[in-house]
Amino acid sequence: GAVVIFPAHMNRILRLSKDGVTVQPGVSIGTVQMALHTQGRVLAPFSSNHYSSTLGGAVATNGGGGKSLKYGSVAAWVKRLKVVLDDGSIIETRRVSRREVDRKKGIMTREGDLYRGIDGILQDHAGLIKESQLDVGRNTAGYRLSEVRGSGGSIDLSQLFIGSEGTLGLITEITLVTERYEPRTTLVAGYFDDAEAAGEAILRLLKLHPSRIEFVGQELLDVLYAHQPQLVAGVLPENSPHMVVMAEFDAVSHLRQNLLGRRAERLMGKLATGFHITTSRHEQSRLWEMRAAAMVILNSKQAPNRPVPIIDDVCVPVHKVSEFLVSTHKLLKKHKRTAAVWGHGNGVMHIVPYMNLAKSKDRAEAFKLMDEFYGTVIKMGGTTAAERGDGVVKGPYLERLYGREMADVLQQVKTLCDPNGIFNPEIKLGANKTTQENLLRQEFSTGHPYDHLPHR
């Protein structure tokens, strides 16, 4: 097979307009944000420090940065795409009217095949597709069939390729809508002794419509206090709390922003053991960088037990966050595991357990832990894939998540777009436990995702 490395060559900003930007997929989000800031614009769902993430990756997984709580995932901001299909032909996808859909269905090309096939699938399974929608803040499991059809019978094939993880075609050009840049923000951080109080605070903070909410669990906090105390000095309490909840407000009106910040401050005063409010960009940067710094420290340790992202990135209904955290703690205790825990205000949760994959016992237990964990998520009405897609790890759970009928519909989409199975085989669809077992390494390193990149 072939590995396509977009960051190596297709990494340019092609066009800047008054309210949009067109880029190649290999350009980093941080690079685009810097260019947009000079024009007073911004990619709204993302913070400014995504230098290791590409826009192509964000579109392929329907990703969203820290501000996606308020601004949604990248899918809401994509205006059009250029896509290479399985026969090598290139199409441009955007929202087209019913009349144009009918015209495209009459074209005897692969583009015509796609419009005929997708329109048929949407009509034949409209009820099933609607019933399969999950009531969660973020969901990247499967394909975005519910978003393809618009008002008046319009169709936007961009929504099909967004979040498809390269399994339906190759995205070579992306045009996005931008938003006015508002650098001034207010940040409120609350410190909590238990998960239930933190969960209640998150529910109340959501009513204030912040641009961002994140929380960090004690495991990550303990790492910072023990190994990088200078990172928490002055912005966190002297002793590590059980959990830190941070809420950001970015209202363009400074009066409105101050009002919301003060309401959040009063809320934290009632529920948290302590809090800190700031408009200083320096202090805010230190708080937001806590979790990233903690993960760097964890991943740099050479201990046999390392954080392994096998049950990472799920989303449960927001009102079940506290219940989910308690349930997950019990599950980890049952398997005698500790884990790094953090999450977002829309119910997205990151649970990264410590394991020694050099041990056959731990490798076998990894699959038991995955089955129990994802089973719990599904029972709670959550999704197994929140921000980063299905890949090989989550793909085998799609049938359990959506049911057999919907899994068959997803397979119809894959077969229509990629009949010869040349685009990322066994990603999303086609993988099973045997696939996972064959691919599981006997050690884990964050360097592995970059093994294929060219040396420059």
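Which residues form a positive surface patch? The model is predicted, with local features requiring pLDDT of at least 70 and side-chain atom pairs counting only at pLDDT 80 or more, while totals for chains, interfaces and linings use all residues. Residues are numbered from 1 along each chain as its sequence is written, and side-chain values use heavy atoms, with hydrogens and water left out.

View A. Arg256, Arg263, Arg266 and Lys270 form the patch. Patch residues have over 30% relative accessible area and no salt bridge, and like charges are joined within 9 Å; a salt bridge is a side-chain nitrogen of Lys or Arg within 4 Å of a carboxyl oxygen of Asp or Glu. Arg266 belongs to helix 11 (residues 254-271), helices being DSSP runs (H or I) of at least four residues.

View B. Asn62 occupies the loop between helix 3 (55-60) and helix 4 (68-71). Asn62 counts as buried because its relative accessibility is 3%, buried meaning under 20% relative accessible area with a 1.4 Å probe and protein chains only. Beyond residues up to four places away in sequence, Asn62 touches Ser73, Val74, Ala75, Arg138, Thr140, Arg144, Ile162, Gly163 and Glu387; contact means heavy atoms within 4.5 Å. The C-alpha atoms of Asn62 and Ile213 are 19 Å apart.

**View C. Surroundings of Ser322.** Ser322 is part of helix 13 (residues 321-334). With 16% relative accessibility, Ser322 is classed as buried. Apart from neighbours within four places in sequence, Ser322 contacts Ala195, Glu196, Gly199 and Glu200.

Technical notes: Patches are made of residues with over 30% relative accessible area and no salt bridge: like charges are joined within 9 Å, nonpolar side chains (Val, Leu, Ile, Met, Phe, Trp, Tyr) within 5 Å. Accessible areas come from the Shrake-Rupley method with a 1.4 Å probe; for residues, only the protein chains shown count as cover. Lys and Arg count as positive and Asp and Glu as negative; His and the chain ends are not counted. The place of a charge is taken as NZ of Lys, CZ of Arg, CG of Asp or CD of Glu. Helices (H or I, at least four residues) and strands (E, at least two) are DSSP runs, numbered from the N terminus. Buried means under 20% relative accessible area, exposed over 50%, partly exposed in between (1.4 Å probe, protein chains only).
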